[in-house]
Amino acid sequence: MNQSPAYSGVRISGFRALGADGGGNHRADTLERLLPAIVGTKSPRKRTTSQSKSEPPLLRTSKRTIYTAGRPPWYNEHGTQSKEAFVIGLGGGSASGKTTVARMIIEALDVPWVVLLSMDSFYKILTKEQQELAASNDFNFDHPDAFDFDLMIATLKKLKQGKSVKIPVYDFTSHSRKKEWKMLYGANVIIFEGIMAFADKDLLKLLDMKIFVDTDSDIRLVRRLRRDISERGREIDGVIKQYNKFVKPAFDQYIQPTMRLADIVVPRGSGNTVAIDLIVQHVHSQLEERELSVRAALASAHQCHPLPKTLSVLKNTPQVRGMHTIIRNKETSRDEFIFYSKRLMRLLIEHALSFLPFQSCTVQTPQGEDYEGCTYSGKQITGVSILRAGETMEPALRAVCKDVRIGTILIQTNRYTGEPELHYLRLPKDISEDHVILMDCTVSTGAAAMMAVRVLLDHDVPEDKIFLLSLLMAEMGVHSVAYAFPQVKIITTAVDKKVNDLFRIIPGIGEWFHQGC
């Protein structure tokens, strides 16, 4: 097959590697020939594509799906994973346009839970001497030894299994890792991109599809000059020196030979829309075969219309209905709204406590008589607020639970993607032994609630010890949470039927609810 960069269109070396073996075994002989060249002297790091690499990995989900950022829909009824994520490896030279191609694929796929993970996050930590070499453009960031492949492979393996991972954050200006790490959660599709994406046997075994972005060397040099000078404050002489000394030789020795391992070669990078369309069509077909499509996820979640057995709704007495009438009325004053919503929260907390485990015990009364009673049999109760609305339920919890501990999780919606993101977390260290009351005032789609539950699970809180409390929930949110987390107890004062296009509960309480609290 012609490997000249002068061809046009799309080159496909067959999709036979996309079967059950994960796509990493079909050309082991070629890979074995490549690997000896990789095992060499220790060399440091390099930077590859755009400035976006220094940003946290991108988690994108479709705005049309009800599932977002919580435990994915390919978990079975027992809460364990039944499907692995589909991993696309995206290789190519520095500044070839890999990240742009990846984002174009993400946009065209339009499926939930797509993660973009860059090799650039996994550069090794430099020694002091290596830092000095990097400052003078004398450090080879384009050598395989510059990357922490062990951490990279372990991270991608966990992510493919649907587990959460911590991603190091690399600062390309100072050539060092930052102290903070970014948390990333399991995904439906993972796009893993980097110059050495195909340069390790164990890494190749994790890739279900391999794409090589082939861009003319002159274009790559121009892009690199523009990026390093404008975005990183480098001098033009230093950039050219680094390119001639390290970047170009590394491409010829380590990167270009891996092109033969690719299932698809994309000439001209992001300008090749035919290749992008072909890739997207194939990924969709693979997801359909694995039953990971949006349609399959939604159908599986809503095949049963009755509300789940894990849901408990506060008895709709005239008193409860009367308080709902007041807080739902747009004419209600702020003071009345706060007063009656707090009353409902208190009733909700009291109702939730009845589901905690109790054991029989005998005490002696002041009259010297025995009383057969019961006592809470758990270790401790911890309340966790989903900020900021859930914070308004804390006073009610404190009023009925003496010395209760409180944790907080801040989840905010990304204004560009429309998806929830975890921004802040403060939980007791030994929360794994507690019964946790997770509080949010309203639950519409269930997106934030599912992310919060996932965070608790990642801190080893057993699923059956989590109680999700909300003043008002939509049926969509109830089904979503119950489907994703079948052992979480869901407790609310009312369930409304619909969610509108803006994800607000209908008939609901109103947009001013959070301001009122």
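Is Asp252 buried, partly exposed or exposed? Asp252 is partly exposed, with a relative accessible area of 40%. Keep in mind that this is a predicted model.

Let me stay with Asp252. Its partner is Lys248, and the two form a salt bridge. The closest N and O atoms are 3.4 Å apart. Both residues sit in helix H7, four residues apart, so about one helical turn separates them. Lys248 is partly exposed too, at 41% relative accessibility.

At 43% relative accessibility, Ile236 counts as partly exposed. Together with Ile229 and Ile240, Ile236 forms a nonpolar patch on the surface. The accessible area of the three together is about 210 Å².

Now, back to charges. Side chains of opposite charge can pair when their charged atoms come close. How many salt bridges does the count come to? The count is 16. Here are a few.

Take Glu433 and Lys379. Their closest N and O atoms are 2.4 Å apart. Glu433 lies in the loop between strands S15 and S16, and Lys379 in the loop between strands S12 and S13, so this pair ties together parts that are 54 residues apart in sequence. Glu433 is partly exposed at 39%. Lys379 is exposed at 52%, because the cut-off for exposed is over 50%.

Next, Asp458 and Arg454. This salt bridge has its closest N and O atoms 3.9 Å apart. Both residues lie in helix H13, about one turn from each other. Asp458 is partly exposed, at 29%. Arg454 is buried, at 3%.

There is also a network. Salt bridges link Asp138, Lys241 and Lys245.

Let's go inside. The largest nonpolar core has 44 residues. Which residues have the most contacts inside it? They are Phe147, Leu156, Phe192 and Met196. Several elements supply at least two residues each, including strand S4, helix H4, strand S5 and helix H7. Helix H4 gives the largest share, five residues.

Look at Met196 in particular. Beyond its neighbours within four places in sequence, Met196 is in contact with a list of residues, among them Met119, Phe147, Leu203 and Tyr254. Asp142 and His143 are also among its contacts.

How values were computed: Residues numbered from 1 in each chain as written. Predicted model: local features only at pLDDT ≥ 70, side-chain atom pairs only at ≥ 80, totals over all residues. Heavy atoms only, no water. Core = buried A, V, L, I, M, F, W, Y, C linked by side-chain atoms within 4.5 Å. Buried < 20%, exposed > 50% of the residue type's maximum accessible area, 1.4 Å probe, protein only. Contact = heavy atoms within 4.5 Å. Patch = residues over 30% accessible without salt bridge, like charges linked within 9 Å, V, L, I, M, F, W, Y side chains within 5 Å. Areas by Shrake-Rupley, 256 points an atom, 1.4 Å probe, with all protein chains shown as cover. Salt bridge = Lys/Arg side-chain N within 4 Å of Asp/Glu carboxyl O.
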